[in-house]
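I opened the notebook to look through this structure one spot at a time. Here is what I looked up, in the order I got to it.

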Amino acid sequence: MSDQNTECGCDEIPQPLLSTDQALATLTNAAKVISTTESLELDEALGRVLSADIQSNINVPGFDNSAMDGYAIHLQEEQINKPGALSFTITGRIPAGMTGAELQPGCAARIFTGAPIPQGANTVIMQEECEVSEEGNSIETWRPLSLNENIRPMGNDIQSGDTILAKGITLKAQDIALAASVGISTLAVFKKIKVGIFFTGDELVKPGDELRPGQIYDSNRYALVAMLNNLGCDIINLQHIKDTLDDTISALNSLQNQCDLIITTGGVSVGEEDHVKPAVEQLGQLNLWRIKMKPGKPLAFGQIGQSAFIGLPGNPVSAMVTFLLFARPFIKKTQGCANYLNTHFKVAVDFDWHRPKPRREFVRVKLDQSTLPATVNQYPKQGSDVLSSMVWADGFAEIPEDTVLKSGELVNFYPLNTMML
């Protein structure tokens, strides 16, 4: 598997390099939201993408209820905000899940958190703010009381007809809990997209096998499967195939009619052993090939049959960076996610960038949030083969093209902890 960023020996007319913004727009504009949906029980819906808005048919709470343990009281007009001692006769007891009898003026009912406010009651006093008589049939308090204290009104959280969950969200535990709170037992979600993958490179060896001279262990396969699993994709994994044009064409052919997306690593440059690019061009079309960025210049995007195609670089860091920056937003939009773009925020660099580069660079950095603004330090080795930098780093600092930076200047920071979700 050759993945050199050179075009020596190639008869093609070199295509212009796209900027990262142009490349991202090309992919996301071409992404088609999956049209098939399914209905899932709440326990099965975590991490899935909601395919329709969810509205509540009830009020939550469905009745006025007590915000704490105490006493529901029927204050009379002359007792409202009156200083001095006030006494009330206890006429009932209302635990959660029960309803109480109507309270008459000057009366109180023992009430517990969440229990319905009885008719006639107009405030709730905390149990710590009153004293129960020795006989247990009355209470006394010494502070002025206002109307509607500690009462949660009907519909305080949700009102009937409210949209409580929006189409396109990735369902989290709190979303599922909210659906349950209004009595919804199933949720409509987009079906998982199917992603076909295979890997080229005769020099690659499966971890656990013996390395021979010139061979390396295959890490891209495991990185790609892990990142696709993080995104909740159904994976069809052809694993490692022989590094020939015929085998590459055969692999693509076997996937094109059963996948929404095909992803490969390596073989998308222009060397004699790079077969993925010509195979894609023979079976379909390429709409994007090279990007003006580092790491990850060779990135292929196109269409084969009904499947979109993304060809990632072969170097391990380049493969992960281009997947996270380009393939991930494409996949999330295809999944129906409303917010599919990677998030970023401004940080100050804690290093100088002396030489302006013609390509946009995504530098592996560690975040220091003890300062304001937060600062980032770069890993000393930024080669696309230095996979240990991806474990060390908290994210990527984006250095624009033709830019010189001094320590303290601000750049965009893409956190890995959000992109790995």
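Before the first entry I need one convention: a helix axis is a line fitted to the C-alpha atoms over the stretch in contact, and an angle runs from 0 to 180 degrees between N-to-C directions. I also keep in mind that this is a predicted model.

**Entry: a helix pair**

I started with helix α3, residues 220-230, and helix α6, residues 316-334. How far apart are their axes, and at what angle do the helices pack? I found the axes 11 Å apart and the angle at about 25 degrees. Angles under 35 degrees count as roughly parallel, so α3 is roughly parallel to α6. The crossing of α3 past α6 is right-handed.

Next I listed who meets whom. From α3 come N220, A223, L224, M227 and L228, and they meet P316, A319, M320, F323, L324 and I331 of α6. Sorted by type, the residues of this contact give 10 nonpolar, one polar and no charged.

**Entry: R364**

I then went to strand β23, residues 360-368, where R364 sits. Is R364 buried or exposed? Its relative accessibility is 1%, and buried means under 20%, so R364 counts as buried.

What does the side chain of R364 reach? I traced it to the backbone oxygen of G383, at 3.0 Å. I also checked a pair that is separated in sequence: R364 and M390 are 26 residues apart along the chain, yet their C-alpha atoms are separated by 7.0 Å.

**Entry: H74**

My next stop was the loop between β4 (70-73) and β5 (86-94), which holds H74. With a relative accessible area of 17%, H74 is buried.

Which backbone oxygens lie by its side chain? One belongs to L103, and it lies 2.9 Å from a polar atom of the H74 side chain. The other is that of G120, which the side chain of H74 reaches at 3.0 Å.

For the surroundings I left aside the neighbours of H74 within four places in sequence. The contacts of H74 are then Q79, F88, L103, Q104, P105, G106, C107, G120, A121 and N122.

As a reminder to myself, most residues other than glycine have a negative phi, and most peptide bonds are trans.

Where are the cis bonds I noted? One joins V60 and P61, with omega about -5 degrees; P61 is in the loop between β2 (54-55) and β3 (65-66). Another runs from K294 to P295, with omega near 0 degrees, and P295 belongs to the loop between β19 (293-294) and β20 (298-304).

For positive phi I wrote down two residues. N148, which is not a glycine, has phi near 65 degrees and lies in the loop between β9 (138-141) and β10 (151-152). D402 is not a glycine either, and its phi is about 55 degrees; its place is the loop between β25 (395-399) and β26 (410-415).

Are these two buried or exposed? N148 is exposed, at a relative accessible area of 54%, and D402 is exposed too, at 58%.

Notes: Residues numbered from 1 in each chain as written. Predicted model: local features only at pLDDT ≥ 70, side-chain atom pairs only at ≥ 80, totals over all residues. Heavy atoms only, no water. Helix = DSSP H or I, 4+ residues; strand = E, 2+ residues; numbered from the N terminus. Buried < 20%, exposed > 50% of the residue type's maximum accessible area, 1.4 Å probe, protein only. Polar contact = N/O pair within 3.5 Å; in protein donor to acceptor, adjacent residues only side chain to side chain. Parallel < 35°, antiparallel > 145°, perpendicular 65-115°, else oblique. Left-handed = near helix turned anticlockwise from the far one by under 90°. Contact = heavy atoms within 4.5 Å. Nonpolar A, V, L, I, M, F, W, Y, C, P; charged D, E, K, R; others polar.
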